[in-house]
Amino acid sequence: VFHCFAERALSRAQNECLAVESLSAVLAQRGVDFEDRRLSLANCRAISNVLEYHCKAVEVLNLSFCSIDDRKFTMLSTGLQTCLNLKTLTLCSNDLATSSMDTLRDIIGNCSATLEEVFISKSEGVGDDGFGALHRGLVLCTKLRSLRVDGCG
């Protein structure tokens, strides 16, 4: 029984290692589309780690319809804050709330010299307070030309 358990654990570790290598290859591209992938907390941690250490060149990141809530967004934030060349960030139709907007403001501030488009539509929990926090980051974006926030409460 222990041998079988050890084999499964090793197989799982090898699969996770392959997944991180694959994720690194995907994120090394300038544009990355995770749209409609239901991300778990572990997925968010892996994406954040790869962004933080391997993917400074990402310009377009689509995380729409990924079931990202505040906890998952916090997990992603460390990696997102290192995306200094980001031009387009799409977070539509997730479960973001007001508390995530302070974090998003910091992320936007870090890439304010390059950011051109931000889309966070249909995140109903954001509300007026969230937009107040977000606004403080958006005013720093000298190249921002498109902001979509419809359906955000």
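**Close-up views of a predicted model**

**View 1. Cysteine 44 and cysteine 66.** The sulfur of cysteine 44 has its closest cysteine sulfur in cysteine 66, at 7.9 Å, which is too far for a bond. A disulfide would need the two sulfur atoms within 2.5 Å. Cysteine 66 is accordingly in no disulfide, with the sulfur of cysteine 44 as its nearest cysteine sulfur. A search of the whole structure, which is a predicted model, finds 0 disulfides. Cysteine 44 is buried, at 0% relative accessibility, and cysteine 66 is buried with a relative accessible area of 0%.

**View 2. Overall arrangement of the chain.** The protein contains 5 helices and 5 strands, and along the sequence these follow the pattern α-β-α-β-α-β-α-β-α-β. Of its 153 residues, 41% are buried. Among contacts with a separation of 6 or more, 88% are between residues 24 or more positions apart. The protein exposes about 8,200 Å², and carbon and sulfur atoms supply 53% of that area.

**View 3. The largest nonpolar core.** This core has 34 residues, and Leu61, Leu63 and Leu104 have the most contacts inside it. At least two core residues come from each of helix H2 (41-54), helix H3 (70-80), helix H4 (98-110) and H5. In soluble globular proteins, nonpolar side chains tend to be buried together. Leucine 63 touches Phe34, Leu39, Ile68, Leu76, Thr90, Leu91, Cys92 and Asn94, leaving aside residues up to four places away in sequence.

**View 4. Serine 64 in its loop.** Serine 64 sits in the loop between strand E2 (60-62) and H3. Is serine 64 buried or exposed? At 3% relative accessibility, serine 64 counts as buried, because the limit for that class is under 20%. The side chain of serine 64 reaches the backbone nitrogen of cysteine 92 at 3.3 Å. Apart from residues up to four places away in sequence, serine 64 touches Phe34, Glu35, Asp36, Thr90, Leu91, Cys92 and Asn94.

**View 5. Helix H3 and its N-terminal cap.** Aspartate 69 caps the N-terminal end of H3, with a side-chain oxygen 3.3 Å from the backbone nitrogen of arginine 71. Within H3, the buried residues are Lys72, Phe73, Leu76, Ser77, Gly79 and Leu80. Seen down the helix axis, these residues fall within an arc of 160°, so they line one face of H3. An α-helix has 3.6 residues a turn, so residues three or four places apart point the same way.

**View 6. The buried residues of helix H4.** In H4 the buried residues are Ser100, Met101, Thr103, Leu104, Ile107 and Ile108. They pack against H3, strand E3 (88-90), E4 and H5. Leu104 is also one of the residues with the most contacts inside the largest nonpolar core.

View 7. Glycine 125 lies in the loop between strand E4 (117-119) and helix H5 (127-138). Which residues does glycine 125 touch, not counting those up to four places away in sequence? They are Leu96, Ala97 and Thr98. The C-alpha atoms of glycine 125 and threonine 98 are separated by 6.2 Å, although the two residues are 27 residues apart along the chain. With a relative accessible area of 40%, glycine 125 is partly exposed.

Conventions: Residues are numbered from 1 along each chain as its sequence is written. This is a predicted model: local features need pLDDT of at least 70, side-chain atom pairs count only at pLDDT 80 or more; totals for chains, interfaces and linings use all residues. Side-chain values use heavy atoms; hydrogens and water are left out. Helices (H or I, at least four residues) and strands (E, at least two) are DSSP runs, numbered from the N terminus. Buried means under 20% relative accessible area, exposed over 50%, partly exposed in between (1.4 Å probe, protein chains only). Contact means heavy atoms within 4.5 Å. A nonpolar core is a set of buried Ala, Val, Leu, Ile, Met, Phe, Trp, Tyr and Cys residues joined through side-chain atoms within 4.5 Å. The arc is that of the directions from the helix axis to the C-beta atoms. A polar contact is a pair of N or O atoms within 3.5 Å; within protein, one must be able to donate a hydrogen and the other to accept it, and residues adjacent in sequence count only if both atoms are side-chain atoms. Accessible areas come from the Shrake-Rupley method with a 1.4 Å probe; for residues, only the protein chains shown count as cover.
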